[in-house]
Amino acid sequence: MESKELVTLAAQACDEKRANDIVVLDMAEVSLIADYFLICEGSNERQVQAIARELKNQAEENGIDVKRMEGFEQARWILVDLNGVVCHIFHKDERHYYNLERLWGDASSVAVEGLEG
């Protein structure tokens, strides 16, 4: 699966668990870390964990290896590495503190079709 398809699948999985403010950044021109960053937030720890769990399940159901998942127990900032796509699932308070969109301001935003919110 190509990175563009993968980031769409990831965004839809997050949307299914009602993640707020889903942003996809095209990292190809600004970083060697990943092709895309997906950034979203949940309103509490339980929702943040549910979003990460759904993302992991959807990836595995589609034959995609989850390279790494960090921060699940604390559920303040969960990082899910899908190789070409790195997903950052924040608790709403942490998202504003770290402000990755500003930190990676050189990356352009990518619209993802089919999201409810």
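Predicted model: local features only at pLDDT ≥ 70, side-chain atom pairs only at ≥ 80, totals over all residues.
Phe37 belongs to strand β2 (residues 36-42), whereas Trp104 sits in the loop between α4 (100-103) and β6 (108-110). The pair therefore ties together parts that are 67 residues apart in sequence. Phe37 has a relative accessibility of 3% and so counts as buried; Trp104, at 22%, counts as partly exposed, because the limit for burial is under 20%. Trp77, Phe90, Tyr97 and Tyr98 form one aromatic cluster.

The secondary structure of the protein chain consists of 4 helices and 6 strands. In sequence order these elements follow the pattern α-β-β-α-β-β-β-α-α-β. The radius of gyration is 13 Å, close to the 13 Å given by the globule rule for 117 residues, so the protein chain is as compact as a globular protein of that length. The C-alpha trace spans about 35 × 35 × 25 Å along its principal axes. Among contacts between residues at least 6 apart in sequence, 59% join residues at least 24 apart.

Of the 117 residues of the protein chain, 46% count as buried. The largest nonpolar core holds 28 residues, of which Leu38, Cys40, Leu55, Leu82, Cys87 and Ile89 touch the most other members. At least two residues of this core are supplied by each of α1 (3-16), β1 (20-26), β2, α2 (45-61), β4 (77-81) and β5 (85-91). Helix α1 gives the largest share, 7 residues. A second, separate core has 11 residues, including Met27, Ile39, Val86 and Ala107.

Within the largest core, Ile89 is among the residues that touch the most other members. With residues up to four places away in sequence not counted, Ile89 touches Cys40, Val48, Ile51, Ala52, Leu55, Arg76, Trp77, Ile78 and Val80. Trp77, one of these contacts of Ile89, is also part of the aromatic cluster with Phe90, Tyr97 and Tyr98.

How values were computed:
Residues numbered from 1 in each chain as written. Heavy atoms only, no water. Buried < 20%, exposed > 50% of the residue type's maximum accessible area, 1.4 Å probe, protein only. Phe/Tyr/Trp six-rings, centres within 6.5 Å; stacked < 30°, edge-to-face > 60°. Core = buried A, V, L, I, M, F, W, Y, C linked by side-chain atoms within 4.5 Å. Contact = heavy atoms within 4.5 Å. Rg over C-alpha atoms; globule rule 2.2 N^0.38 Å.
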